[in-house]
Amino acid sequence: MDKALYLQPAFMMEKYMEKTIDESIQGSALSLDGKNGNARKLYIESYGCQMNFSDSEIVASILSKEGFDTTQQLNEADLVLVNTCSIREKAELTVRKRLEKFNAIKKERPHLKVGVLGCMAERLKHKFLEEEKIVDMVVGPDAYKDLPNLIQEIDEGRNAVNVILSKEETYGDVAPVRLNTNGITAFVSITRGCDNMCTFCVVPFTRGRERSRDPQSIIQEVNDLWDKGFKEITLLGQNVDSYLWYGGGLKKDFDKASEMERATAVNFSKLLEKVALAQPKMRIRFSTSNPQDMTLDVIHTMAKYENICNYIHLPVQSGSDRILKAMNRLHTRAEYFELIDNIKRIIPDCAISQDMIAGFPTETEEDHQDTLSLMEYVKYEYGFMFAYSERPGTLAERKLEDDVPDDIKKRRLTEIIDLQRQHSFERIQANLGKVQEVLIEGSSKRSDDHWMGRTSQNTVAVFPKEHYQVGDFVMVEMEDCTSATLLGKAVGYSKNQG
């Protein structure tokens, strides 16, 4: 195999605010098979984290029942929706340019309607609707069930807006369509909103307070995915470890729950076990975890069930106690180390990845060195690293001066990235000579003669196709590697192969 084909820094996929942002899919137009009788066309683009792409599937499902089929051809569209992200300035600028383009198209096609969904909606509703007049409709992340009413409003020539954040909405009763999927892996949302008021993060203000989805609806969705041929699911939430179902309602109101509700409550560890038992041959992942909320029972549940993958994304953001406090992370460096030690003791082969922010307000050189020393202690498999960028609406933007010069931010970020690159290579080399289970997701992007899949630890592995197929669980002997990819040969099917 040509090792040079796989020399790419895959561990540097961009990520921020604890939600992975895959640059390769930003702005992609989603499409699914049409429904008989539907006469109108929906063109929907998504930006930001996987939660936004998951929400687009919910929107497409709701509008399918309202007479809309999706299209990837803008010139066919009757309705254009842009699902937005407020996490990064780059995303906002991109969305604004797209809206300006759509608005120009409306001059040639007056019947075309344009709407903004998601995290930018609440903050920019007046600007988009009233000042710039570049959209017809603004819809927040908790108001998608109101889309039929809002579309009726714009069909009748009126602007429409609903950005009210809900205390109950989880979309647990909406079966999301699967858009642009490989048919093998899928995301299943289990929570919405976030109660952790990290000072750098806008999510609590754009997605509201934390509430969990009925576990039965989650199990039903997982079973349905298995029946449709999916082999791996990722339980998705802003902070999955905060999952808590006690009959409905906000997590913060659990102290008001009845004795019966408390006795029958389902936390994340119990949900994880229910999903693992529901489909013993389906791989299970979850994202994202928060150090202050991850409990030992979750780690023990992972160790108990083979189909729960040995991989945890555990954002830390900084190695300095002083900066962690300024970020309102609600855990200390020592508590983070204790959690890491417990994970490695209970699941010795568990892979761990990080989020790190360089140059947070008031960060000193000593704080930066604390971050590097934390990385040396943990030696993450890979990470998602950024220079701090002030975001409108966050506590940091309102209360902290962005006082670290850009050149210092960039230098510190480079040092963090270089150290992570070193650790990533050390970690991936440790797999050589091992035989590991790989779930085939598709052809390698760099060679049609090879399959690409992932190990339980979420490491990409590539090997010759031979007679194997997409969706197969295959045992692969790891013979070589690049900085981010294992290269090997298949030695047979795994015991999970049906």
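Q: Is Tyr-43 buried or exposed?
A: Tyr-43 counts as buried, because its relative accessibility is 7%. Buried means under 20% relative accessible area, exposed means over 50%, and partly exposed is in between, using a 1.4 Å probe and protein chains only. This is a predicted model, where local features need pLDDT of at least 70, side-chain atom pairs count only at pLDDT 80 or more, and totals for chains, interfaces and linings use all residues. Residues are numbered from 1 along each chain as its sequence is written, and side-chain values use heavy atoms, leaving out hydrogens and water.

Q: Okay! How many aromatic pairs are there?
A: The count comes to eight aromatic pairs. Rings of Phe, Tyr and Trp (its six-membered ring) pair if their centres lie within 6.5 Å; planes under 30 degrees apart are stacked, over 60 edge-to-face, and the rest tilted.

Q: Why is the pair of Tyr-43 and Phe-102 edge-to-face?
A: Because their planes stand at 75°, with the ring centres 6.3 Å apart.

Q: And which parts does that pair tie together?
A: Tyr-43 lies in strand β3 (residues 40-46) and Phe-102 in helix α2 (residues 89-108), so the pair ties together parts 59 residues apart in sequence. Helices (H or I, at least four residues) and strands (E, at least two) are DSSP runs, numbered from the N terminus.

Q: What about Phe-102, buried or exposed?
A: Phe-102 is buried, with a relative accessible area of 0%.

Q: New topic: which residues touch the most other members of the largest nonpolar core?
A: Those are Ile-233, Leu-235, Phe-268 and Phe-286, in a core of 52 residues. A nonpolar core is a set of buried Ala, Val, Leu, Ile, Met, Phe, Trp, Tyr and Cys residues joined through side-chain atoms within 4.5 Å.

Q: Which helix gives the most to this core?
A: Helix α11 (residues 333-346), with six residues.

Q: Where does Tyr-43 come in, then?
A: Tyr-43 belongs to a second, separate core of 22 residues, which also includes Val-80, Ile-105 and Val-135.

Q: Let's do sheets. What is the strand order in the open sheet of six strands?
A: The order is β4-β3-β5-β6-β7-β8, with parallel pairing. Two strands pair if DSSP finds at least two bridges between them.

Q: Which are the edge strands?
A: They are β4 (68-70) and β8 (160-162), and each pairs on one side only.

Q: How many bridges join β7 and β8?
A: Strand β7 (residues 137-139) pairs with β8 over three bridges, in the parallel sense. Val-139 stands opposite Asn-162 in β8.
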